[in-house]
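I set out to record what I looked up in this structure. The entries follow in the order in which I made them.

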Amino acid sequence: MGKKIKKEVEPPPKDVFDPLTIESKKAATVVLMLNSPEEEILAKACEAIYRFALKGEENKATLLELGAVEPLTKLLTHEDKIVRRNATMIFGILASNNDVKKLLRELDVMNSVIAQLAPEEEVVIHEFASLCLANMSAEYTSKVQIFEHGGLEPLIRLLSSPDPDVKKNSIECIYNLVQDFQCRATLQELNAIPSILDLLKSEYPIIQLLALKTLGVITNDKESRAMLRDNQGLDPLIKILETKELNDLHIEALSVIANCLEDMDTMVLIQQTGGLKKLLTFAENSTIPDIQKNAAKAITKAAYDPENRKLFHEQEVEKCLVTLLGSENDGTKIAASQAISAMCENSGSKDFFNNQGIPQLIQLLKSDNDEVREAAALALANLTTCNPANAKAAAEADGIDPLINTLSSKREGAVANAATVLTNMATQEPLRVSIQSHNAMHAIIGPLRSANTVVQSKAALMVAATVCDVEARTELKNAGGLEPLVELLHSKNDEVRRHASWAVTVCANDELMATELCRLSPPPLSMEDKSSDIGYGRSISSSSSLRRASKEKTSYHSSAGVGSPTEEKSEPTSGRNTVLSKSATKEKGSRKGKGKKEEEKVKEEEEVLSVPKMTGEGSPDKEWCPPSDPDFCLYVYEVTKTILPITNMKEQVEALAKYVAERMGGHIPKEKLHEFSWELHISELKFQLKSNVIPIGQIKKGIFYHRALLFKALADKIGIGCTLVRGEYGRAWNEVKLMDRTRKGVIGCLPPPETYIVDLMFHPGELMKLRSKEADLYRFL
């Protein structure tokens with residue numbers, strides 16, 4: 001064999017750096033390593049920072065101060081999978097810090113984080129990317145960013161992930177997102193409900209709870225309720241209620257069921273499958289106050305529908321509610337009372353509560369809790385309306401005394417409800433006598449002086465119902481009740497004036513009372529009141545004419561110097577208002593002898609009050625005059641001529657809405673709203689006028705708030721009561737209250753009006769009953 005020759009080792013190239021192992025105990029040093037071009041260093045640096053951030057909030061704040069966030073955001077899109085994974089893990093932890101959230105929003109990294117939810121990424125990346133989004137979505141601005149970057153769809157897909165942490169983070173983020181109604185609408189389009197229902201089968205309670213919370217939010221919308229029903233979502237909810245081991249989920253499950261019961265189809269389905277009976281039995285037998293309270297609330301929400309009330313009555317829901325009235329928990333008592341109030345629309349339910357329910361409600365009027373007293377009074381008000389038997393039952397249960405005591409409650413709703421019950425009782429003479437004997441005339445003075453129009457209305461109605469004899473009227477007069485009653489004739493609320501007028505009419509049956517009422521006649525209009533009416537073109541009486549009218553009413557036959565009614569009518573009238581001076585307070589007959597000088601003085605004072613004050617240019621207090629608006633004046637003329645004569649209030653509102661829409665650019669389909677170039681039109685007007693103040697009549701292309709403002713202005717001119725509500729994102733709308741005359745109201749008065757939103761943009765003239773405000777506004781605006 002040949003001799004072995006030892007091979008010489010070649011030295012390393014001179015241009016290659018020898019490997020160096022660095023051990024650092026300073027976070028600042030590791031943060032600097034995040035800018036390294038070497039993948040291995042980046043991966044190790046990220047791993048060290050992740051472990052550091054896990055140790056607590058102080059470390060997260062330290063990393064923020066050291067400037068670690070910005071270089072880490074660049075690593076979210078790094079080519080190396082390990083680097084990208086480690087960076088994502090860090091953000092999953094860091095995003096729980098509020099200052100980090102703020103910086104992440106400013107750096108606009110949402111798109112990069114959402115990209116980590118792609119199906120081809122590892123489960124670990126899914127876990128921490130979804131955790132980052134869950135932490136970020138707790139704030140409104142971040143919700144908007146997640147939604148706008150299309151984060152909802154991949155989150156829904158991850159609900160089917162095999163990893164429970166991914167599921168938990170994803171459903172938590174979705175729960176935060178669906179607080180916004182626009183996200184809820186998108187959730188329906190993405191058909192997310194089946195995936196959410198699958199989470200109810202999870203072995204992890206936190207996932208089940210978040211799924212139920214999410215369903216509780218989205219089922220506020222009718223479309224989502226229908227989807228839940230179509231996907232057999234009610235069965236797992238009922239099963240949760242039947243499982244004692246899942247009692248920590250019962251409250252949330254009840255909230256979802258409560259929403260679903262608002263739909264008639266769902267209600268029928270639950271009833272047919274026996275779920276309704278199970279629900280009532282569950283509520284009646286439960287020992288957990290919150291469960292009983294939520295069950296009663298579920299009944300209340302569903303009972304607003306007449307068909308639902310019928311089904312509830314068939315299932316003897318009244319027995320369950322009477323049982324709940326006996327709960328020791330005040331919240332349950334309130335909820336049960338409210339449910340009884342809702343069920344009172346069913347005549348069979350009303351009759352049931354005659355012997356069972358009314359005595360318990362009377363006892364609740366003696367509670368120390370004002371909310372309990374208010375809810376009980378509401379139930380009694382509904383039970384006794386148009387039902388003499390129940391009114392008598394309330395009196396026989398010794399209810400008059402606690403009802404009168406409730407008139408002094410601090411809660412206005414309790415006062416109004418108690419007054420309604422006493423009004424219903426007073427239709428029966430024996431009960432009216434009993435009410436009078438309990439010092440009711442003194443107790444009603446406070447409600448008559450209330451600042452709340454509902455309380456004023458109910459109090460005036462109670463007076464009208466109870467002062468049907470001389471003794472009661474005298475007692476009201478001696479208690480000082482006539483003064484506030486007469487003051488209510490000034491109210492701007494139609495119902496208050498109507499009920500006050502009725503009460504005054506009843507009181508004026510006695511000559512002495514009539515004389516006293518004349519003495520207390522409404523005070524004269526102030527100068528401010530007169531000037532404010534000038535713009536409306538209405539003729540008003542002067543202070544002198546009011547006093548003269550009052551005097552003539554009481555001494556017409558005995559005063560020789562008083563002008564006759566014929567003379568009053570023969571006074572010339574004009575299209576503008578007239579305001580008389582102090583000299584006009586004397587009688588017309590004596591005024592004729594004063595001569596031209598006095599008349600000229602009166603005329604001068606009229607012109608001073610009716611013409612806006614103008615000052616010269618040199619004056620230091622020069623007043624700004626708004627530009628003229630002939631178009632708006634034309635609008636007022638046209639609606640006064642064409643819409644004011646319409647007798648039906650609903651038709652008036654619809655006609656005015658269509659008129660406003662026509663003047664502001666017409667009907668705009670929702671899908672073409674972005675093509676409606678109103679901004680350019682407004683800018684041109686501002687340029688032409690050299691002002692940001694634009695006469696409303698000059699706007700021919702108006703968006704939501706322009707149309708709502710014009711509608712409000714014209715509605716005020718023709719006496720249509722409406723509100724002008726300003727929302728977010730340039731939205732505004734009008735709300736009107738209309739009476740549904742098919743509904744029953746308190747005896748002697750119409751039912752309370754219901755609120756409608758007026759559509760001026762997409763379907764001009766359409767009115768929608770306002771129930772779930774957020775969802776309704778989304779559909780309309």
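Entry 1: terms and source. I take contact to mean heavy atoms within 4.5 Å. The model is predicted, so I note that local features need pLDDT of at least 70 and side-chain atom pairs count only at pLDDT 80 or more, whereas totals for chains, interfaces and linings use all residues. Residues are numbered from 1 along each chain as its sequence is written, and side-chain values use heavy atoms, with hydrogens and water left out. For helices I use DSSP runs (H or I, at least four residues), numbered from the N terminus.

Entry 2: K392. I looked up K392 and found it in helix α27, residues 388-396. Leaving aside neighbours within four places in sequence, K392 is in contact with Q428 and L431. I also looked up K392 and P430: they are 38 residues apart in sequence and 9.5 Å apart in space, C-alpha to C-alpha.

Entry 3: T300 and its helix. T300 lies in helix α20. Its relative accessible area is 8%, so I list T300 as buried. Leaving aside neighbours within four places in sequence, T300 is in contact with A335, Q338, A339 and A342.

I then asked how α20 packs with α17. Two packed helices are described by the angle between their axes and the distance between the axes. Axes are lines fitted to C-alpha atoms, for helices over the stretch in contact, and angles run from 0 to 180 degrees between N-to-C directions. Helix α17 (residues 250-260) and helix α20 (residues 289-302) pack at about 5 degrees, with axes 8 Å apart. The two are therefore roughly parallel (under 35 degrees; over 145 is roughly antiparallel, 65 to 115 roughly perpendicular, and the rest oblique). From α17 the contact takes H250, I251, L254, S255, A258 and N259, and from α20 it takes D290, I291, N294, A295, A298 and K301.

Entry 4: helix α9. Which residues of α9 (residues 140-148) are buried? I found S142, K143, Q145 and I146. They cover an arc of only 165 degrees around the axis, which puts them on the same side of α9; the arc is that of the directions from the helix axis to the C-beta atoms. Among the elements that cover these buried residues are α6 (98-107), α7 (110-115), α8 (123-136) and α11 (164-177). After α9 comes G150, whose phi is positive, near 75 degrees.

Entry 5: aromatic pairs. I count rings of Phe, Tyr and Trp (its six-membered ring) as a pair if their centres lie within 6.5 Å; planes under 30 degrees apart are stacked, over 60 edge-to-face, and the rest tilted. How many aromatic pairs does the structure hold? It holds five. In one of them, Y50 and F128, the ring centres are 5.8 Å apart and the planes are at 90 degrees, so the pair is edge-to-face. This pair links distant parts of the chain, with Y50 in helix α2 (residues 39-54) and F128 in helix α8, 78 residues apart. Y50 counts as buried at 17% relative accessibility, and F128 counts as buried at 8%.

Terms used. Buried < 20%, exposed > 50% of the residue type's maximum accessible area, 1.4 Å probe, protein only.
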